[in-house]
Amino acid sequence: MTSPLLQLRGVTKSYYGQKVLADVSFEIAPGEVFGYIGPNGAGKSTTLKILAGLITTFDGEVRIAGADVKKERTRAHALIGFMPQSCGFQNWRTVESALDTLGDLSGVPAEVRARRIPALLERFDLLAARTKKVKELSGGMTQKLGLIQALLHEPRLLVLDEPLEGLDPPSRQMLKDVIRERQQAGTTVLFSSHILSDVEHIADRVGILNRGQVATTGSIRDLTSAFGLPTEIDVWFSTAPADTGFLSDPGLGVADQPKPDQWRLVLTAGADADAIIHTIVERTLAGGGRLRKIGVAEPALDDLFARYILESNRGN
Amino acid sequence: MATSPTLRLVRDELYGFARSKVMLVLWVILPAIAIVGYLLFKDNAQLNGGLGEDHQLSANTFMSLILSSLSGTIAALMVAVDIVSERQRKVYELYVIRPIRREAIIWAKFIAVFLCVTIACVVSIALGIAVDTVRGDPFNATIAFDALKALSQLTCVVGLSAAVGVLFGVISRTIVVAVLLILYGGQNLTIVPMIPTYFGVLPDQFWVFQLVSVLMIVALTWLAMVIFRRSQF
Ligand SMILES: Nc1ncnc2c1ncn2[C@@H]1O[C@H](COP(=O)(O)OP(=O)(O)OP(=O)(O)O)[C@@H](O)[C@H]1O
Ligand SMILES: [Mg+2]
């Protein structure tokens with residue numbers, strides 16, 4: 001087994017006696033894309049700031065490629081590219097000068113910077129703004145600048161704090177492409193979001209943070225079962241059968257009728273969805289009805305996530 | 001290898017001072033105002049207070065006097081206000097996450113302001129000497145020696161004030177606090193090297209002043225570095 005690129009063990013952080021992170025532990029394998037999900041105030045930024053060395057007083061252990069961020073700070077930080085949730089630049093800074101300095105401080109040689117900076121600006125559609133002052137950029141453009149500075153030195157671990165926030169749809173797509181490309185080049189990526197569906201298509205694995213604790217980690221598929229998600233079947237008639245009473249048959253599950261010709265069945269745990277679909281088709285045809293659509297419903301991840309968070313917070 | 005982080009940051013700071021016209025103000029406008037002020041009020045009796053009827057304060061001495069009271073405050077405020085406001089605007093986040101020593105950020109600020117204000121002192125005193133020469137007071141070895149002595153004392157004042165600025169900049173979270181600390185506490189700290197002079201206990205007061213200043217600069221910047229290294233962002 002390859003050793004993890006990032007390792008958090010028992011990371012605990014308090015502010016004024018209030019625990020913001022309570023014993024957070026997880027690992028990320030080299031080349032993995034990890035989505036760090038949690039509601040506002042869950043402690044996502046706090047965790048990422050600890051990784052990046054902005055917060056240095058915490059309990060527990062964090063290792064990047066084996067280097068302890070407390071004891072071997074410089075070695076650990078040479079491996080990481082970090083985009084904070086918000087960052088600033090001096091008033092007089094132009095886009096180009098900001099990136100050149102930051103690249104230099106990351107140890108990127110001048111000739112490489114001269115090549116890489118225009119290429120990245122081009123990629124993020126900022127080339128035209130390169131001589132502009134940073135303070136004159138729009139919010140989304142500043143956000144992109146934050147991303148570029150994290151990518152400049154081609155770090156082995158890319159840590160992005162809510163990178164999709166504030167980006168327009170084409171830019172979001174582009175960022176997702178960039179993340180995928182980096183992954184193919186061997187980069188490990190950790191990014192936070194409070195929108196589960198954002199993560200769905202790019203993350204190999206997801207960690208859910210709630211109230212300072214990692215509730216669960218796993219693939220999106222693992223998560224749906226961790227959420228205790230019941231299987232649901234959507235039924236949509238083009239012509240309803242004479243009698244739809246059979247849909248409320250307790251053997252099928254619990255039925256709900258959101259629109260006149262549409263039904264949603266919530267199956268009891270362990271029920272055989274295929275057999276139930278078969279039964280519904282048969283009964284509909286027998287009752288003289290016609291079906292427009294029938295099938296297992298796609299889980300609405302964000303709804304689930306919201307419900308999960310609500311329920312687990314109510315439980316406490 | 002890339003350039004040393006401190007050098008790179010000093011270069012950037014100086015470039016920033018140039019871009020934001022700080023240099024123009026320090027090197028041109030302030031000395032010009034001082035000289036104009038001198039020319040306007042040079043015959044004022046009060047200004048020449050203890051000098052007697054037919055003696056006038058030279059432009060050179062006038063400039064040294066003005067600078068000794070102003071340059072320190074300017075240096076301290078520049079450093080501290082810069083550090084606090086850049087920190088508030090989260091400028092340091094992107095530096096601190098890079099594989100450099102955090103101290104480089106603070107050193108760069110100290111060195112850049114020190115250079116900037118010291119050059120302003122040189123410009124002002126040179127301007128004072130130039131005005132004296134034009135007004136018929138020829139430049140000679142004594143004037144050169146006194147000017148150099150005044151300059152090296154000014155350099156110490158500027159260095160010490162910049163160090164005070166670094167310390168108060170690093171511990172303050174708001175600009176108002178930093179400014180208040182400097183105006184009330186900073187002034188007292190920068191007087192310390194002069195204390196032996198008042199008592200006149202030691203034979204060569206010039207060197208005592210220089211030595212105490214340098215020691216204090218080292219101590220204050222060291223303390224500031226320790227605090228900054230432990231700062232949380
Ligand atoms: N410097 C600080 N001082 C005191 N409390 C803090 C500080 N920074 C964060 N907190 C608290 O820690 C908790 C977690 O904050 P954090 O920024 O990590 O949340 P987050 O998961 O990133 O939220 P969001 O989605 O809103 O960005 C919050 O309750 C916040 O109030
Ligand atoms: Mg956050």
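The model is a predicted one. Chain A contains 10 helices and 14 strands, whereas chain B contains 9 helices and 0 strands. The points below treat the chains in turn and then turn to a sheet and two residues of chain A.

**Chain B: fold and dimensions**

- Along its sequence, chain B reads α-α-α-α-α-α-α-α-α. Its radius of gyration is 19 Å, close to the 17 Å that the globule rule gives for 233 residues, so chain B is as compact as a globular protein of that length.
- Taken along the principal axes, the box filled by the C-alpha atoms of chain B is roughly 65 × 45 × 35 Å.
- Buried residues account for 47% of the 233 residues of chain B.
- When contacts in chain B between residues at least 6 apart in sequence are considered, 79% of them join residues at least 24 apart.

**Chain B: surface and charge**

**Chain A: dimensions, surface and charge**

- The C-alpha atoms of chain A occupy a box of roughly 75 × 45 × 40 Å along the principal axes.
- Of the 316 residues in chain A, 50% are buried.
- Among the contacts in chain A with a separation of 6 or more, 67% are between residues 24 or more positions apart.
- Chain A exposes about 14,600 Å², of which carbon and sulfur atoms supply 48%.
- There are 36 positive and 38 negative side chains in chain A, and the centres of the two sets lie 7 Å apart.

**An open sheet in chain A**

- Strands of a sheet pair through backbone hydrogen bonds, in either a parallel or an antiparallel manner.
- In chain A, 4 strands form an open sheet with the order β2-β1-β4-β5, and their pairing is antiparallel. Strands β2 (18–28) and β5 (67–68) stand at the edges with a single partner strand each, so one side of each is left without a neighbour in the sheet.
- Strand β4 (residues 59–64) of chain A is joined to β5(A) by 2 bridges, and the two strands run antiparallel. A:Ile64 has A:Ala67, in β5(A), as its bridge partner.

**Residue A:Thr187**

- A:Thr187 is located in the loop between α6 (169–184) and β8 (188–193) of chain A.
- The relative accessible area of A:Thr187 is 7%, which is under the 20% limit, so this residue counts as buried.
- Apart from neighbours within four places in sequence, the contacts of A:Thr187 are A:Gly31, A:Glu32, A:Pro155, A:Arg156, A:Leu158 and A:Arg182.

**Residue A:Gln213**

- A:Gln213 belongs to strand β10 (residues 213–218) of chain A.
- With a relative accessible area of 45%, A:Gln213 is partly exposed.
- Leaving aside neighbours within four places in sequence, A:Gln213 makes contact with A:Ala22 and A:Ile208.
- A:Gln213 and A:Thr12 are separated by 201 residues in sequence, and their C-alpha atoms are 9.4 Å apart in space.

Key:
Residues are numbered from 1 along each chain as its sequence is written. Chains are lettered from A and ligands numbered from 1 in the order in which they are written. This is a predicted model: local features need pLDDT of at least 70, side-chain atom pairs count only at pLDDT 80 or more; totals for chains, interfaces and linings use all residues. Side-chain values use heavy atoms; hydrogens and water are left out. The radius of gyration is taken over C-alpha atoms; the globule rule is 2.2 Å times the number of residues to the power 0.38. Buried means under 20% relative accessible area, exposed over 50%, partly exposed in between (1.4 Å probe, protein chains only). Contact means heavy atoms within 4.5 Å. Two strands pair if DSSP finds at least two bridges between them. Accessible areas come from the Shrake-Rupley method with a 1.4 Å probe; for residues, only the protein chains shown count as cover. Lys and Arg count as positive and Asp and Glu as negative; His and the chain ends are not counted. The place of a charge is taken as NZ of Lys, CZ of Arg, CG of Asp or CD of Glu.
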